[in-house]
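Keep the viewer open while you read.

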Amino acid sequence: MYRNASDIWPPRFERVPTEESWVDSTIDQAARAYDAVKHHTWYQNLRPTLDALAAISQDGDIVVDYSAGTGIFTEEFLRSYPDKEIGLVLVDASPKFLRLALEKFKSDDRTAYRRLCYLKDERRLQQLEEVLPESLRDRGIDGLCSTNAVHLYDDLGAALRSWAKILRTGGYVLIQSGNIDNPNAPSGSWFIDHTVERLQSEARELVTSDPTYAAFRDGFDDAERTKSYDCLRQSYFLPIRPLDFYVESLRDAGFAVDSIDAQPVEALVAEWSDFLCAYHEGVLGWAGGCSRVEGKDPSEQLIELRKRLLCESMAKLFNDEPSFQACWTHIRCSKK
Ligand SMILES: C[S@@+](CC[C@H](N)C(=O)[O-])C[C@H]1O[C@@H](n2cnc3c(N)ncnc32)[C@H](O)[C@@H]1O
C-alpha cells in the first residue's frame, strides 16, 4: 500500500505541465457537451476495460490513458475502484478535452497529464515517447488503455510503435472500439459508425418525400456535390478497418495478442442521434451545405432542421425501435 499517492511517480515528475498554455485556458463548452456522453447507455462499453484494468494492475503501477479525451475512462475508473493506488497519465491530442479532464481531477495525486501536439512542419502528431519525461521512459510504463479511439489513428503503426517504446517488457495494453470490423460480432449487431452511412438513404428518402425538408432538395442530384459530401463525411467518420489489420499491426509493433472479445452493447437510438448531432455537418452536411464545401455555412434555422432530419432518419433506420445492439471489440495484448 502506498502511504501517499504521489510516491507512485518518479522523483521530480511534474504531474501537470504548468508551463503549457492549455493548462490555464478557459473550459470549452464543446468539451463539456462531449463529456455528457458518459451518461449514455452505450458508454457502458467502458465497463469490460475498467474491470480488466482493475484486475490486471498492481498498486504502484503507472498506466497511460492514451486518447483520454475529457477523461471519462479515468473518471469511471477512480469512481469504480477508489482504493486502487495506480498512477494514470492522461494523454490526448486535444488541449480542450485535456483541459476539462484536468479540471475534473487535478487535485488527485494519482493523475498526470500530457498533450500530444501536432507538428506542422513534419505533418504528424507527437509520439508518446516525445511527451513523457526521461524519468518515466527509463522506469517503463506498466500498462496502457485506449478506449473509443484506436479507429481514429490514421498512422496506427506509428502509434503502436510509440506505445511499445515506453512499455516495460510484459506491460499490458487494453484496447477497445466499436468501430473495428470484427467477423465474430454478435449477429444483428452494428459497428456503430456504420449507422452514419446507412442513414444516408433514409435521409434522402425523407428529403424527397416530406415537404418539411424541401429546403434540402437544392443540389440533391449533383453527383460532384454528393461526392464532396461523401469525402467530408469520411473525414469525420473514417472507413472502418478490419480486425486483422489491428492484430497484424500490434504484432508488427512487438505485442503478443492475448485475447480478443466481441461484446454486445445496447445503444438507445435517441442518445446516439443526440451524440451525432454534435457532428451534424459530417453526418448530413449535404442537407443545407457547409463552408468547407460551398464556402458558406447555412443559417441556424437550417442547422436545426438538419439535426431534426438526422434524428428522424435514425429513428426510421431502426423502425422506431428505442434501441439497437452495437458490437465493441476488446483486444488485450502484452509487450514482448
Ligand atoms: C471518442 S474520444 C475517446 C475519449 C475517451 N478515451 C473515452 O473513451 O471517452 C477519442 C479521442 O481520441 C483522440 N484522438 C484522435 N485522433 C488521435 C490520434 N491520432 N492519436 C491520439 N489520439 C487521438 C481525440 O482527441 C479524442 O479525445
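## The nonpolar core

A nonpolar core here means a set of buried Ala, Val, Leu, Ile, Met, Phe, Trp, Tyr and Cys residues joined through C-beta atoms within 7 Å. Buried means that 20 or more other C-beta atoms lie within 10 Å of a residue's own; 12 or fewer makes it exposed, anything in between partly exposed, and the C-beta atoms are placed from the backbone. This is a predicted model, so local features need pLDDT of at least 70 and side-chain atom pairs count only at pLDDT 80 or more, while totals for chains, interfaces and linings use all residues. Numbering starts from 1 along each chain as its sequence is written.

The largest nonpolar core has 74 residues, and Leu144 and Trp163 touch the most other members. Strand S11 (residues 323–335) is the top contributor, giving six residues. Domain 1 (5–177) and domain 2 (194–235 + 270–317) each supply at least three. Skip the neighbours within four places in sequence, and Trp163 is in contact (C-beta atoms, placed from the backbone, within 7 Å) with Leu128, Leu144 and Val173.

Strands are DSSP runs of E, at least two residues long, and helices are runs of H or I with at least four, numbered from the N terminus. Ten of the 13 residues in S11 are buried.

Strands pair if DSSP finds at least two bridges between them. S10 (residues 255–268) runs antiparallel to S11, with 13 bridges joining them; Val265 stands opposite Ala326 there. S7 (residues 167–177) is also antiparallel to S11, through six bridges, and Ser177 has Thr329 as its bridge partner.

## Around the ligand

Taking a C-beta atom (placed from the backbone) within 6 Å as the cut-off, 17 residues surround the ligand, and the closest are Ser67, Gly69, Thr147, Asn148 and Ala149. The shell splits into eleven nonpolar, five polar and one charged. In that count, Ala, Val, Leu, Ile, Met, Phe, Trp, Tyr, Cys and Pro are nonpolar, Asp, Glu, Lys and Arg are charged, and the others, Gly among them, are polar.

## Two domains and the start of the chain

The domain bounds come from an automatic or database domain assignment. The centres of domain 1 and domain 2, taken over C-alpha atoms, are 34 Å apart. Five residues from domain 1 and four residues from domain 2 make the contact.

Ala5 sits in the segment before helix H1 (29–35). Ala5 counts as partly exposed because it has 15 C-beta neighbours inside 10 Å. Beyond its neighbours within four places in sequence, Ala5 is in contact with Glu85, Asp109 and Arg110.

Definitions and conventions
Two residues are in contact if their C-beta atoms, placed from the backbone, lie within 7 Å.
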